[in-house]
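Keep the 3D view open beside you as you read.

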Amino acid sequence: MSTTTETSELARRVRERLADRQQSLGELHPLPGGHSGLTYSITAGPASYVVKAVPPGQRSVGRNDVLRQARILRALADSPVPVPGVVAVDGSEPAWFAMEFVDGEAIEPVLDEHRLDPELCRSRMLALPDVLRDLHGWTKTEAVEPLDPAGELERWSRTMRAVPSELRPGAEDVLQALAARIPDSIPPTLVHGDFRLGNVLCRGDRPAAVIDWEIWGYGDPRIDLAWFLLFADHRNFPRVGRAVPGLPGEEELLTAYLDGRPEPPAFDWFRALARTKMAAIMGHNLRRHREGKHHDPDQERLPPTIAAMIRAAGDILAPRS
C-alpha cells in the first residue's frame with residue numbers, strides 16, 4: 001500500500017470518528033517535527049485538532065504507543081496540569097487519537113533559534129516549576145511499574161554504550177561512578193520524562209499545554225527536576241547553546257519548585273545523570289546521522305557538547321575535598 005493510500009485510509013477513519021463534531025471537516029495535513037509516530041492537523045469548522053497516529057506497518061508500542069499517550073492526557077484532563085483535551089481514540093491498527101489543537105509556542109530559549117524578548121523567556125521559565133510540582137503531585141492515573149534510579153541509570157547506560165567510544169570520551173568512568181553510588185528511592189510520582197520549556201506550549205508568558213508525553217511513566221521526581229534545570233544555562237551546551245540575558249538559573253528554578261521544602265536527598269546524583277542522559281541522546285543522534293539512518297548535518301556540532309556533558313557529570317560526582 002502506498003504512503004498516499006495509507007494517509008487516505010487514515011483520513012477516512014479520522015473523518016468518520018469526528019463526524020459527530022457537526023462541523024464541516026477539512027483535509028488531513030501532515031505536521032512537521034516530532035520524533036515518534038505521525039502527526040497531522042485537521043479542522044472541523046472553526047475548531048482545529050491534532051491527530052497522532054502509529055506509522056503504517058508498525059505496532060502501538062514504545063514511542064509509537066499513541067494509545068498510551070492518549071490515556072495519560074485523559075487522566076490529566078481534570079488536573080492542574082494543562083494538557084490538550086482528547087476528542088477521539090481509535091485502537092484498531094494502525095492506532096491513532098485526536099486532541100484539541102492548542103495555540104501557543106514551544107520554544108527552548110537556550111537551544112532554539114528565536115527572537116523572543118529575554119524577559120518573556122524568563123517569565124515562561126519561572127512559570128514552569130509550579131507546573132512540574134503539580135505534575136509530580138497528581139496521582140489519579142493508571143498503575144504502572146515505577147522506574148527507580150537504578151532502572152533509569154540502566155536505561156541510559158545502554159543508550160550511551162551503543163554510541164561509538166570515540167564520541168563519548170570519559171563516559172565509562174562516569175557510568176561506573178553513577179553505578180557505585182545509586183541513591184535510595186523516594187516515593188514515585190508521575191514523571192513526564194522530557195519536561196522542559198521546549199515541550200510546553202505557551203501563550204504569552206503562561207503555560208497553555210504540556211505536550212510530547214511519549215516517555216511518561218512513574219518514577220523518581222528528581223529525574224524530571226534535574227532534566228528541567230539542565231536547560232537553564234546555555235553554557236551546558238557548547239557550540240549549540242545561546243545566551244538569554246536574565247534567564248533564571250538552576251538555583252532560582254530549584255527554589256521555585258521546592259516552594260519552601262528542603263532540597264531532595266542525593267540531588268547531585270540526578271544532576272549528573274541528567275548530563276549523562278543528554279550526552280547519550282546526542283551521541284545516539286550523531287551516530288544515526290553518521291550511519292546514514294537520519295541525515296542531519298547539524299548533528300556534527302554536537303561533539304563539544306557531548307564531551308562537556310560527560311565532563312560536567314564527572315565533576316559533579318567527584319569527591320568533595
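## The second largest pocket

Sorted by class, the residues lining the second largest pocket are seven nonpolar, four polar and nine charged. Please bear in mind that this is a predicted model. The second largest pocket holds about 300 Å³ of space. Its lining has 20 residues, and those closest to the centre are Leu147, Arg155, Ile215, Trp216 and Gly217.

The largest share belongs to β9, which supplies three residues.

## The cavity

Rolling a probe the size of a water molecule over the atoms shows where empty space is left. In this model, the count comes to one cavity of 30 Å³ or more. About 40 Å³ of space lies in that largest cavity.

If you want to select its lining, pick Glu152, Ile223, Ala226, Trp227, Phe270, Leu273, Ala274 and Lys277. With four residues, α8 gives the most. By class, the lining of the largest cavity has six nonpolar residues, no polar ones and two charged ones.

## The five-stranded sheet

Turning to the strands, you can trace an open sheet of five in the order β1-β2-β3-β5-β4, with antiparallel pairing. Its edges are β1 (29-30) and β4 (86-90), each of which pairs on one side only.

Within this sheet, how many bridges join β2 to β3? Seven bridges link β2 (residues 38-44) to β3 (residues 47-53), and the two strands run antiparallel. To find your place along the pair, look for threonine 39, which stands opposite lysine 52 in β3. As a guide while you look, in a regular strand the side chains alternate between the two faces of the sheet.

Another antiparallel pair is made by β7 (residues 200-203) and β8 (residues 206-210), which are joined over four bridges. Here cysteine 202 stands opposite proline 207 in β8.

What lies between these strands? The hairpin has two residues between β7 and β8, and glycine 204 takes a positive phi near 65° there.

Conventions. Residues are numbered from 1 along each chain as its sequence is written. This is a predicted model: local features need pLDDT of at least 70, side-chain atom pairs count only at pLDDT 80 or more; totals for chains, interfaces and linings use all residues. Side-chain values use heavy atoms; hydrogens and water are left out. On a 1 Å grid over the protein atoms alone, a cavity is a set of points where a 1.4 Å probe fits but cannot get out, and a pocket is an open set with protein on both sides within 12 Å along at least five of seven lines; lining residues have an atom within 4 Å of a point. Grid points are joined across faces, edges and corners, and a volume is the space filled by probe spheres set on the points. Ala, Val, Leu, Ile, Met, Phe, Trp, Tyr, Cys and Pro count as nonpolar, Asp, Glu, Lys and Arg as charged, and the others, Gly among them, as polar. Two strands pair if DSSP finds at least two bridges between them.
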